[in-house]
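The sequence and the structure are shown below.

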Amino acid sequence: MKTTSHTPGPWHFDECDGALYVTDDTQIGTIAEIMTAKVDVELDQDKANARLISAAPDLLDALQELARSEEH
């Protein structure tokens, strides 16, 4: 299986200053910054996108587990 390199999870997002910051457990640095929209409907979409980004390490783990189970 191909090895990947990324900031290990878990990641989470914080809403602050009109942006969503996806950070790791150490809170040392920002992994992604999602600028939020001024319109409420778009703000909900921006928050959903930030939650999806923050779930990336967990999704990767699940996909790798599925790939391992398919190999057996």
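## A glycine in a loop

Two residues are in contact when heavy atoms of each lie within 4.5 Å. By this criterion, and leaving aside neighbours within four places in sequence, Gly-29 is in contact with Val-22, Thr-23 and Asp-24. The model examined here is a predicted one.

Gly-29 is placed in the loop between β2 (19-24) and β3 (30-35). Its relative accessibility is 33%, and Gly-29 therefore counts as partly exposed, since that class lies between the buried limit of under 20% and the exposed limit of over 50%.

## Overall architecture

The secondary structure of the protein consists of two helices and three strands. Read from the N terminus, the order of the elements is β-β-β-α-α.

The protein has 72 residues, and 22% of them are buried. Its accessible surface is about 5,300 Å², with 54% of that area belonging to carbon and sulfur atoms. For contacts between residues at least 6 apart in sequence, 32% join residues at least 24 apart.

Helix α1 comprises 15 residues. From its first C-alpha to its last, α1 reaches 21 Å, which is close to the 21 Å expected at 1.5 Å a residue.

Which residues of α1 are buried? They are Leu-43, Asp-46, Ala-50 and Ser-54. Viewed down the axis of α1, the buried residues fall within an arc of 75°, so they line one face of the helix. An α-helix has 3.6 residues a turn, so residues three or four places apart point the same way. On the other side of α1, Val-41, Asp-44 and Leu-52 are exposed.

## Ser-54

Ser-54 belongs to helix α1, which covers residues 40-54. Is Ser-54 buried or exposed? Ser-54 has a relative accessible area of 9% and is therefore buried, the limit for this class being under 20%.

The side chain of Ser-54 reaches the backbone oxygen of Arg-51 at 2.8 Å. Apart from neighbours within four places in sequence, the residues in contact with Ser-54 are Trp-11, His-12, Phe-13 and Val-22.

Key:
Residues are numbered from 1 along each chain as its sequence is written. This is a predicted model: local features need pLDDT of at least 70, side-chain atom pairs count only at pLDDT 80 or more; totals for chains, interfaces and linings use all residues. Side-chain values use heavy atoms; hydrogens and water are left out. Helices (H or I, at least four residues) and strands (E, at least two) are DSSP runs, numbered from the N terminus. Buried means under 20% relative accessible area, exposed over 50%, partly exposed in between (1.4 Å probe, protein chains only). A polar contact is a pair of N or O atoms within 3.5 Å; within protein, one must be able to donate a hydrogen and the other to accept it, and residues adjacent in sequence count only if both atoms are side-chain atoms. The expected span of a helix is 1.5 Å times one less than its number of residues. The arc is that of the directions from the helix axis to the C-beta atoms. Accessible areas come from the Shrake-Rupley method with a 1.4 Å probe; for residues, only the protein chains shown count as cover.
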